[in-house]
Amino acid sequence: MTKTMTQLDVLEAQSVYILREAYRSFKQLVMLWSIGKDSTVLLWLARKAFFGHVPVPLMHIDTGFKIPEMIQYRDTFALKWKLNLIVGQDVEALEHKHTFPDGNLSRLVCCKRLKSETLKHTLSGEWPRWALNHKTGAYERQDGGEPFTGVIVGARADEEGSRSKERYFSPRDTHSEWDIAEQPPELWNQFNTDFAPGTHVRIHPLLDWTELNIWEYIERENIPIIDLYFDKGDGKRYRSLGCAPCTGPVDSTAQNVREVIEELRSGKFSNIAERSGRQQDAEDGGGLETLRREGYM
Amino acid sequence: MSTVLESQMIKNGTQGAQKMNIVIIGHVDHGKSTLIGRLLADTQSLPKGKLEAVKAQCAYHARPFEYAFLLDALKDEQSQGITIDSARCFFKSKKREYILIDAPGHIEFLKNMISGAARAEAAVLVIDAHEGVQENSRRHGYLLGMLGIRQAIVCVNKMDLAGYDRRVFERIRSEFSAFLTQTGIAPRHFIPISARDGFNVAAAGDAMPWYDGPTVLEALDGFEKEPPRVGQPLRLPIQDIYKFTEQGDNRRIFAGRIETGTLRVGDAVVFYPSGKRSTIASIEAFNAPPVHEATAGEAVGVTLREQVYVRPGELLVRTDESPPATARQLRVNLFWMGREPMIFNKRYLLKLGTARAPVWLRQIRTVLDASELTTERNRRHIQRHDVAECVLETLKPIAFDPTAEIAQTGRFVLIDNYHIAGGGVVLQAESNAADRLSEHVQQREKSWRRSRITPLMRSYRTGQRSTLVVIAGPPQTGKAALAQALEEKLFAAGRQVYYLGLDNSLLGMDEDISRNYLRDEYLRRLGEVAHVFTDAGMILITTVSDLDSYELQVLRTLNHPGENLIIGVGAHGLAAADVDLKLNVPLNPSEAAGQVANLLTERHYLPEYYL
């Protein structure tokens, strides 16, 4: 008697395989956690891969403008799941109000500075990292951290054009830049797990998942996802999470995972791009290409 | 696609249905992107407004609209007008969901085409009716066969430019069929299409009434999902071994993905190449009900009844099924994508299954021009885009299956300068070629210039016979303390002795072996240095953590004709016959040094009396 693997089983097995390959290959490995549904599914897949444990540190880039519920959710589950959580932030930009919400930068430049640049310098260890102390529940500043050489990211190929060209293991050069034309080949589940000094590798275990797959998996596994994704009575919910000033909710009455899935399958969102609520995409001329080459996730 | 059917499929749920990966390949400009754009548009698979937006953009730039623009998500790609990387797009038919992989046709981007095609279960080859079969049409066809893709259709595109002429179509069909037959691919259908005008893509249209075969969409739906490979023997390459003791978890879990076959709790299993045996105690999982059986495709973790020490990269199989092959020399078919050619006497890294090992090119049998299927002999290197049948050699035996028997454990990639530079399939174990290290040592001995001072003269002067003393055993068992004590003891007795106290951690030896490949290089240097010391008449003492029999053989070979004395400390893991003296832990360094000194005396390295 043979059981048939469902599509979710196949996706899960592939993601688990990639996570284990990353863990085996990179001593300085980190997983980015944006608190959103994709990277939370990724976190869950890590628990699958490592039998309930998360032996990889998680990094959250906190711009300081995140929707407040996101930070609450992050801290609750970091403590509950015993996560080794590191937070990165551009304290200087926030101090000098060099931001879009303060009226001093365009959306795109703000995004580049508070997210891309912060991520780059926090990954490299040049900027301080704030690590969660599980005894006190407080974040403690750490300086002089070692650079991370393997960075696990929850990007999906169906999100927009440039992401569909990523490999599962995509090398980035010494400037964190992505040379799309010169990517090494990747075949038969053999990945580029080696890297030259000064470079790092981005790892994409969710590359083959679609937005619908993510929600179906959340439902199947009963993953506690942040409730910003659900309508709480005002006919609005978030479809994609980001900074409060640049991320708008969409009109929807989906109140739970099942209703979100129905909406994606056959309802109003079955043909509308997921990131339609994100303002910085529009400023970039329709693609995330510029941001992404420079290190955006 | 009809919305009624679509919603029906959706009610049934997509969780049970499987996606199918299809790669679209062909020579540059033969219209792959246009075909995909057409498929997406004609099946209403595009996001709302996308078609209109691209059309508007074209109008704004005063360019005629092309369906290919829908895919060219990247800006520089639009300006060059060619696909540089394999882009993926998602699309649904009545039957199932597809991931369409748009593989670039330009020769410069062959490695991208390979990456795209290696993920596919079936292929669509596109040929321009006007230009006919081109170099890359053939090369791609050949590579598909090598990648293991057996299901394919051929679209003869741009029939509009050929006046929808049946004779043009038939000519291309007979030419390309003849070529593909040699590569092992038998296309299901040849379909005459016009991607630009949409004929025979999602609907037949009326341009080619002489054609009565399926449309592209119908042909895609006709591809079959490869059944799970449960009928073959179990192959579970071990990816890693976990023990999360710090988290209070004492399970020792062997993790990996089952490539073929079935695994059950209670199965007697054996690891290759080590040959270690045990029994499956449990199949572990997080947030899932316990299971007693796992099959091909599943990423699993198992615990064992009898604990064995194996490293990641071994192949776990059942004792009641056919074993894999193990060999140090593999005859392979490989294609090379590296910028630098593949050459002899250079160390590459091999990844096969979960095994990772240093590898050398030993012999080039033939180099094939994949576009013409002509072969060349007597080549001294393998160039970019060459396909070669050659022999590779590793330091230690590697477990694999010939590709004809089990494809999943018969394929590999090669790393050069940090990146995957080649890929291929193993044809068989090669047994009669000369061993690389022995050949090197022979060469070395031949070219080593010596004075008239013989080993005997040295022995007479120093009052000792030279040897390499290797202290082997697990890390942190006091090997270094013993080595130091032994050096001091012999030195005090007036012997010519040296302790080579190279810190193993300097060379990554203390790290998990799987995280680096430096160990073989360290051992090679150690072997060469040992040879100099023993040739000079010295007693050289060194320590190596977790030395295995193959590594010991490397040291012995390189130290030849120098002699060796092997001290096994604690659970040293070597075969009993390899070890000259076994010492138990905890060690008392000076006592143990006394035991080793006595053995040196017994074996006449340090004779008490000499004439």
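Modeller: Happy to: I will go through a helix pair, then the core, then some backbone details.

This is a predicted model, in which local features need pLDDT of at least 70 and side-chain atom pairs count only at pLDDT 80 or more, while totals for chains, interfaces and linings use all residues. Residues are numbered from 1 along each chain as its sequence is written, and chains are lettered from A and ligands numbered from 1 in the order in which they are written.

Let's begin with α6 (residues 135-147) and α7 (residues 166-183) of chain B, whose axes come within 9 Å and cross at roughly 30°. Helices here are DSSP runs of H or I with at least four residues, strands are E runs of at least two, and both are numbered from the N terminus. The axes are lines fitted to C-alpha atoms over the stretch in contact, with angles from 0 to 180 degrees between N-to-C directions.

On the α6(B) side, Ser137(B), Arg138(B), Gly141(B), Tyr142(B) and Gly145(B) meet Phe176(B), Phe179(B), Leu180(B) and Thr183(B) of α7(B); contact means C-beta atoms, placed from the backbone, within 7 Å. By class, this contact has 4 nonpolar, 4 polar and 1 charged residues. Nonpolar covers Ala, Val, Leu, Ile, Met, Phe, Trp, Tyr, Cys and Pro, charged covers Asp, Glu, Lys and Arg, and the others, Gly among them, are polar.

Turning to the surroundings, the largest nonpolar core has 222 residues, and Ile22(B), Ile24(B), Ala117(B) and Ala123(B) have the most contacts inside it. Such a core is a set of buried Ala, Val, Leu, Ile, Met, Phe, Trp, Tyr and Cys residues joined through C-beta atoms within 7 Å. Buried means 20 or more other C-beta atoms within 10 Å of the residue's own, exposed 12 or fewer, and partly exposed in between, with C-beta atoms placed from the backbone. Strand β19 (residues 387-400) of chain B gives the most to this core, with 8 residues. Beyond its neighbours within four places in sequence, Ile24(B) is in contact with residues including Leu35(B), Ile36(B) and Val124(B).

Finally, the backbone: the peptide bond from Tyr272(B) to Pro273(B) is cis, with omega near 10°, and Pro273(B) sits in the loop between β10 and β11 of chain B.

Terms used:
Contact = placed C-beta atoms within 7 Å.
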